[in-house]
Amino acid sequence: MEFMKVIQSRQSCRAFTDEMVTGSDLTKIIQAGNAAPVANGVYENVQLTVIQNKELIAGLEENAHNAMPGIPEHPLYGLSTVISINCKIEENTAMAWANASVIAENMMLAATDLGLGSIYLMAVPVTAQYNPELCRDIKVQEGFAPYVMVGIGKPQNGLEERELTADRISITYI
């Protein structure tokens with residue numbers, strides 16, 4: 001797909017089929033995440049966990065819903081694949097958030113290029129940070145915490161291109 005078409009088509013998908021993401025597509029998405037810039041090139045401060053186990057995905061949903069009752073009962077929208085972006089625990093978390101976010105965006109753009117839907121998730125990983133047992137279950141390494149998760153799957157309604165504009169975000173030119 002042409003890059004600007006990918007940008008036009010990338011959207012937060014909240015309805016997925018139960019079809020599993022294939023190994024070759026998953027490899028391309030992981031490669032895109034690995035191509036993201038990381039602060040000072042310290043890639044050892046980031047770790048990914050690919051979760052395709054339905055029981056663990058249900059456990060993530062239950063944990064998030066119980067920790068924050070305002071979260072819908074199924075905040076993972078029927079996903080079959082969730083990628084947790086785990087960062088080294090440090091006093092200043094700004095770089096961890098930045099690293100996780102740029103990795104997530106690369107993976108979501110790659111998913112779009114493959115015709116897959118994606119969604120950037122914050123509440124689910126943030127609530128998982130406070131559940132050591134769940135972190136162990138999803139193989140978060142010691143000294144790391146989940147910061148962002150990316151949900152990837154086949155969208156129920158396909159992807160739609162949207163009109164690109166330059167006026168959604170306030171801009172000041174100097």
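Predicted model: local features only at pLDDT ≥ 70, side-chain atom pairs only at ≥ 80, totals over all residues.
Residues are numbered from 1 along each chain as its sequence is written, and side-chain values use heavy atoms, with hydrogens and water left out.

**Aromatic pair**

- One aromatic pair is counted, where rings of Phe, Tyr and Trp (its six-membered ring) pair if their centres lie within 6.5 Å, and planes under 30 degrees apart count as stacked, over 60 as edge-to-face and the rest as tilted.
- Trp-97 and Tyr-147 form this edge-to-face pair, at 4.8 Å centre to centre and with 80 degrees between the planes.
- Distant parts of the chain are linked by the pair, since Trp-97 belongs to helix H4 (residues 94-113) and Tyr-147 to strand S4, 50 residues apart.
- Helices (H or I, at least four residues) and strands (E, at least two) are DSSP runs, numbered from the N terminus.
- Trp-97 is partly exposed, at a relative accessible area of 26%.

**Salt bridge**

- A search of the whole structure returns one salt bridge, defined as a side-chain nitrogen of Lys or Arg within 4 Å of a carboxyl oxygen of Asp or Glu.
- The side chains involved are those of Glu-161 and Lys-5, at 3.5 Å from N to O.
- This pair also links distant parts of the chain: Lys-5 is in helix H1 and Glu-161 in the segment after strand S4 (144-153), 156 residues apart.
- Glu-161 is partly exposed at 49% relative accessibility, and Lys-5 is partly exposed at 33%.

- Gln-8 is found in helix H1 and counts as buried, at 16% relative accessibility.
- Apart from neighbours within four places in sequence, Gln-8 is in contact (heavy atoms within 4.5 Å) with Glu-160, Glu-161, Arg-162 and Leu-164.
- Met-4 lies in helix H1 (residues 3-9) and is partly exposed, with a relative accessible area of 40%.
- Phe-3, Met-4 and Leu-164 make a nonpolar surface patch of about 280 Å².
- Patches are made of residues with over 30% relative accessible area and no salt bridge, nonpolar side chains (Val, Leu, Ile, Met, Phe, Trp, Tyr) being joined within 5 Å and like charges within 9 Å.
- Accessible areas come from the Shrake-Rupley method with a 1.4 Å probe; for residues, only the protein chains shown count as cover.

How values were computed
Buried < 20%, exposed > 50% of the residue type's maximum accessible area, 1.4 Å probe, protein only.
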